[in-house]
Amino acid sequence: MNRNPEVAAALARLLAESYTLYLKTHNFHWNVTGPHFHALHTMFEEQYTELATAVDEIAERIRALGHRAPGSYAEFARLSQVKDAEGEPDAQAMLAELAADHKLCAEQSDRVLRVAQEHNDEGTASLAGGRIELHEKTVWMLTAHLG
């Protein structure tokens, strides 16, 4: 079964963005400092744990469609709009960067949803809808911490 190559390609981008965001969030969890250390350390852990589950679900959906899931840093870097963190950002910069990246993931999830709907792929559409909801909520949570 090798169906919906357009859907699989959109999912591959979402996988790359989600994995890059997972790695960045884990990095920030380890390296956050400041007066809100504990709250941010805990929140980032919750976020990277959710992303770890999500990347597996996205990759398995690509495989269920009969396509190979990207799985290397090189592929993720080529496919993702989310980029690695540079330097040593402070807590506020971490929050702003993660919020922007979750917005990118919500936008890619919306593209996945639209392509899935065009191909009458309800399984992928359902996955994408859940990702949109999660990423939009996370943007709200992260921006609530910004002054």
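1. Basis of the values. Because the model is predicted, local features need pLDDT of at least 70 and side-chain atom pairs count only at pLDDT 80 or more, while totals for chains, interfaces and linings use all residues. Residues are numbered from 1 along each chain as its sequence is written, and side-chain values use heavy atoms, with hydrogens and water left out.

2. Annotated region. The unreviewed UniProt entry places the feature "domain: Ferritin/DPS" at residues 9-147, in the numbering used here, with a shortened feature name and with the caveat that annotations may be inferred rather than shown by experiment. Over residues 9-147 the chain is 78% helix and 0% strand, with the end C-alpha atoms 38 Å apart; helices (H or I, at least four residues) and strands (E, at least two) are DSSP runs, numbered from the N terminus.

3. H1 and H2. The axes of helix H1 (residues 5-31) and helix H2 (residues 37-64) come within 8 Å and cross at roughly 155 degrees, which makes H1 roughly antiparallel to H2. Axes here are lines fitted to C-alpha atoms, for helices over the stretch in contact, and angles run from 0 to 180 degrees between N-to-C directions; those under 35 degrees count as roughly parallel, over 145 as roughly antiparallel, 65 to 115 as roughly perpendicular and the rest as oblique.

4. H2 and H5. The axes of H2 and helix H5 (residues 122-144) come within 12 Å and cross at roughly 165 degrees, so H2 is roughly antiparallel to H5.

5. The structure holds 8 salt bridges, each being a side-chain nitrogen of Lys or Arg within 4 Å of a carboxyl oxygen of Asp or Glu. One of them joins Arg131 to Glu50, with the closest N and O atoms 2.5 Å apart; as Arg131 lies in helix H5 and Glu50 in helix H2, the pair ties together parts that are 81 residues apart in sequence.

6. H1 and H5. The axes of H1 and H5 come within 12 Å and cross at roughly 30 degrees, which makes H1 roughly parallel to H5. Val7, Leu11, Leu14 and Leu21 in H1 meet Thr124, Leu127, Arg131 and His135 in H5.

Key
Contact = heavy atoms within 4.5 Å.
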